[in-house]
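These are my notebook entries on a structure that is new to me. I set down what I looked up, entry by entry.

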Amino acid sequence: MFRQLMALTLAVVLIQLTCGQLAMAHTPAEKEARFAEKVKAGIAKLGTGKKALVKIKLQDGTKLNGYVREANENTFVVIDSRTGDATTVPYPQVKQVKGNNLSSGAKIAITIGIAVGLILLLVATVGRS
């Protein structure tokens, strides 16, 4: 009887410790911090300059369209594509971000695809003559 009671107590304590740690690992502040780190990594991968186009939605509902002029440890600067205004954005204020900056490999693949398409079109046109 004593062994069963000890085994049951031990099982309950282990379950409580496991569930308690899982619940603490996913607090809203930690989720926000992880998301801010993902945004920071995404902006770093996108790069800066006029080709680093972004569409950003902030926590307050503000929407920004433009390019990333610069990025640092805590913020990045977006230049509005219509007005040219600069907006400094802290990473934690970002709710959603969409970026567009084709890598060199993607640009080469698109160029090769267009060239192959033109060659095939030229061959098909010459073959009919």
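Entry 1. Terms and overall layout.
I note that the model is a predicted one. I then looked up the elements of the protein chain and found 3 helices and 5 strands. Along the sequence they follow the pattern α-α-β-β-β-β-β-α. Of the 129 residues in the protein chain, 18% are buried. I also looked up the contacts with a separation of 6 or more, and 38% of them join residues 24 or more positions apart.

Entry 2. The sheet.
In what order do the strands lie in the sheet? I read the order as β4-β3-β2-β1-β5, in an open sheet of 5 strands with antiparallel pairing. The edges are held by β4 (86-90) and β5 (94-100); each has a single partner strand, so one side of each lacks a neighbour in the sheet. On average, neighbouring strands are turned by 40° against each other, direction ignored.

Entry 3. Strand β1 and its partners.
I followed β1, which covers residues 53-58 and is joined to β5 by 6 bridges, the two running antiparallel. Within this pairing, lysine 55 stands opposite lysine 98 of β5. Toward β2, I found 5 bridges from β1, again in an antiparallel arrangement. Here leucine 53 has tyrosine 67 of β2 as its bridge partner. The two strands β1 and β2 form a hairpin with 4 residues between them, and glycine 61 in the turn has a positive phi of about 95°.

I next asked which way the side chains of β1 point. In a regular strand, side chains alternate between the two faces of the sheet. In β1, the side chains of Val54, Ile56 and Leu58 point to one face and are buried.

Entry 4. Helix α2.
I looked up how long α2 is against what its residue count predicts. At 1.5 Å a residue, its 19 residues should span 27 Å, and the end C-alpha atoms are 27 Å apart, which agrees. Which residues of α2 are buried? I listed Ala36, Val39, Lys40, Ile43 and Leu46. Seen down the helix axis, these buried residues fall within an arc of 125°, so they line one face of α2. They pack against β1, β2, β3 and β5. On the other side of the helix, Lys38, Ala44 and Lys45 are exposed. After α2 comes glycine 47, and its phi is positive, near 90°.

I returned to lysine 40, which lies in helix α2. What does lysine 40 touch, not counting residues up to four places away in sequence? I found Asn72, Glu73 and Tyr91. Side chains of opposite charge can pair when their charged atoms come close. I checked for such a pair and found that lysine 40 forms a salt bridge with glutamate 73, with the closest N and O atoms 2.5 Å apart. Glutamate 73 lies in the loop between β2 and β3 while lysine 40 is in α2, so this pair ties together parts that are 33 residues apart in sequence.

Glutamate 73 counts as exposed because its relative accessibility is 55%, whereas lysine 40 is buried at 18%.

Entry 5. The remaining salt bridge.
How many salt bridges does the structure hold? I recorded 2 salt bridges. Besides the pair already described, I found one in which the side chains of glutamate 70 and arginine 69 meet, at 3.7 Å from N to O. Glutamate 70 has a relative accessibility of 38% and so counts as partly exposed. Arginine 69, at 42% relative accessibility, likewise counts as partly exposed.

Methods:
Residues are numbered from 1 along each chain as its sequence is written. This is a predicted model: local features need pLDDT of at least 70, side-chain atom pairs count only at pLDDT 80 or more; totals for chains, interfaces and linings use all residues. Side-chain values use heavy atoms; hydrogens and water are left out. Two strands pair if DSSP finds at least two bridges between them. Axes are lines fitted to C-alpha atoms, for helices over the stretch in contact, and angles run from 0 to 180 degrees between N-to-C directions. Buried means under 20% relative accessible area, exposed over 50%, partly exposed in between (1.4 Å probe, protein chains only). Contact means heavy atoms within 4.5 Å. The expected span of a helix is 1.5 Å times one less than its number of residues. The arc is that of the directions from the helix axis to the C-beta atoms. A salt bridge is a side-chain nitrogen of Lys or Arg within 4 Å of a carboxyl oxygen of Asp or Glu.
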